[in-house]
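Subject: A structure to look through

Dear colleague,

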Amino acid sequence: MKLLVTGGAGYVGSVCAAHLAEAGHEVVVLDDLSTGHRDAVPDGARFVEGNLAEIAGTVLGEGGFDGVLHFAARSLVGESVVHPELYWDNNVVAALRLLEAMREHDVPRIVFSSTAATYGEAEQVPILESSPTRPTNPYGASKLAIDMMLTSYATAYGLAATSLRYFNVAGAHGRYGERHTVETHLIPIVLQVASGHRESVAIYGDDWPTPDGTCVRDYIHVEDLAEAHALALANAAPGRHSIYNLGSGQGFSVKEVVEACREVTGHPIPSAVAPRRAGDPAVLIASSAAAAAALGWQPTRTDIRTIVGDAWRFTQDRLPV
C-alpha cells in the first residue's frame, strides 16, 4: 500500500514508519520537524517537510494513497494547560484539514494516534474502551475531539477509521527511539540520569495506595505498538470507526521502573521523593482485550527490563564517543 505517515519523524511515528517500510509498503513521511528529527525518517521512505494543515491536500493530491497513519500532534500536557490554543489548532484544526484532504482525494482509511489521556481519571482498572471519557487537560480533550470527528466522518462518508489509545510507550527499534527536547516520560528521564544528563530522578509521592507507595503505570513497547498499527490498517472497515486501547495489561510502579533502570544500566541512579502532582491517578492499566479479539494483537515485549534495555541501547548509541 501507499501510505502517508504524518509526524513520521517523531518517536512513535518513525518506529511505525520504519515497520511499514520494512514490510514493503510505499511510505511518505510528512513532518514539520518542530519536534521530530530528519535523521529519524526511515530508510526507503520519502520525506516531505511542511505544515500538515497547509500541505496535506497537496501531498495527497499526487494520488494513489491507500491510507494515512496520523501521528502529528503536540503532546505536552502541561503546555496544553498553559497554551490550549496550540492544541486546538495544531491537533484538532490540522486533523480536520487532513480529513478534508482525504475526502477530496478519495483516501479510504486512517489509523489515528489517540491516547489514554482521553479517559482522564479512570473509575476502574483495567481501563476499557467503554470507560467514561473525561479528559482533564486540553491535550486529552483535543485527542478526544479528533476521535469524535473520525466517528462522524466514518458515518457520513464511509471512512474506514481506527483510533489507538496508547498508555505509556517506551523502548526503541534500532536507531529509532525517544528523544524529546522537553522530556516528560519516566523511562527516558531515568536514563538521562544514568547517562549523566541529570543528577537524580524525582519520585512524585511515595504514599499512594499501591504496594510500594508509588504510582503504577502500564508500559507498552513501541515495537508492539507498531505491530498494532499495521494490524489496524489491515482490519479497517469502510463506514466504521473502531477504538482500541493498547497496553501490556500489567503495571509497574515508579520504584520498579527505577530499579529496572539501575539493573540494566549498572548506574546507581539517585532518586528523591517529591510532593504528589495534582491530577496523577494512583494506578493506570489498560485492558487490551478488544484489540486482541478484533485485531489478533498481543504484546510480546512486556517485561520492563526488555523495554528499558532497548531504550538504553538507543541512548548509548547516541552518546558521544
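In which hand, left or right, does H4 pass H5? Please keep in mind while you look that this is a predicted model. The crossing in which H4 passes H5 is right-handed.

Two packed helices are described by the angle between their axes and the distance between the axes. For helix H4, which covers residues 84–104, and helix H5, which covers residues 138–157, the packing angle is about 20° and the axes are 9 Å apart. Because angles under 35 degrees count as roughly parallel, H4 and H5 are described as roughly parallel to each other. On the H4 side, the residues that meet H5 include Tyr87, Trp88, Leu96 and Arg103, and among those they meet in H5 are Tyr139, Ile146, Met149 and Tyr157. Sorted by class, this contact of H4 with H5 has 16 nonpolar, two polar and two charged residues.

A second pair is formed by helix H1 (residues 11–22) and H7, whose axes come within 9 Å and cross at roughly 60°. That angle makes H1 oblique to H7, and the crossing of the two is right-handed. From H1 the contact is made by Tyr11, Val12, Val15, Cys16 and His19, while H7 contributes Val222, Glu223, Leu225, Ala226, Glu227 and His229. By class, the contact of H1 with H7 has seven nonpolar, two polar and two charged residues.

Several residues of H7 are buried, among them Val222, Asp224, Ala228 and Leu233.

The last points concern the backbone. Most residues other than glycine have a negative phi, and most peptide bonds are trans. The peptide bond from Val125 to Pro126, however, is cis, with omega near 0°, and Pro126 has its place in the loop between strand S5 (109–115) and H5. Leu33, although not a glycine, has a positive phi of about 60°; Leu33 is found in the loop between strand S2 (26–31) and strand S3 (46–49), and is partly exposed, with a relative accessible area of 24%. Ile269 likewise is not a glycine and has a positive phi, of about 45°. Ile269 is found in the loop between helix H8 (254–265) and strand S13 (271–274), and at 0% relative accessibility Ile269 counts as buried.

Key: Residues numbered from 1 in each chain as written. Predicted model: local features only at pLDDT ≥ 70, side-chain atom pairs only at ≥ 80, totals over all residues. Heavy atoms only, no water. Axes fitted to C-alpha atoms, helices over the stretch in contact; angles between N-to-C directions. Helix = DSSP H or I, 4+ residues; strand = E, 2+ residues; numbered from the N terminus. Parallel < 35°, antiparallel > 145°, perpendicular 65-115°, else oblique. Left-handed = near helix turned anticlockwise from the far one by under 90°. Contact = heavy atoms within 4.5 Å. Nonpolar A, V, L, I, M, F, W, Y, C, P; charged D, E, K, R; others polar. Buried < 20%, exposed > 50% of the residue type's maximum accessible area, 1.4 Å probe, protein only.
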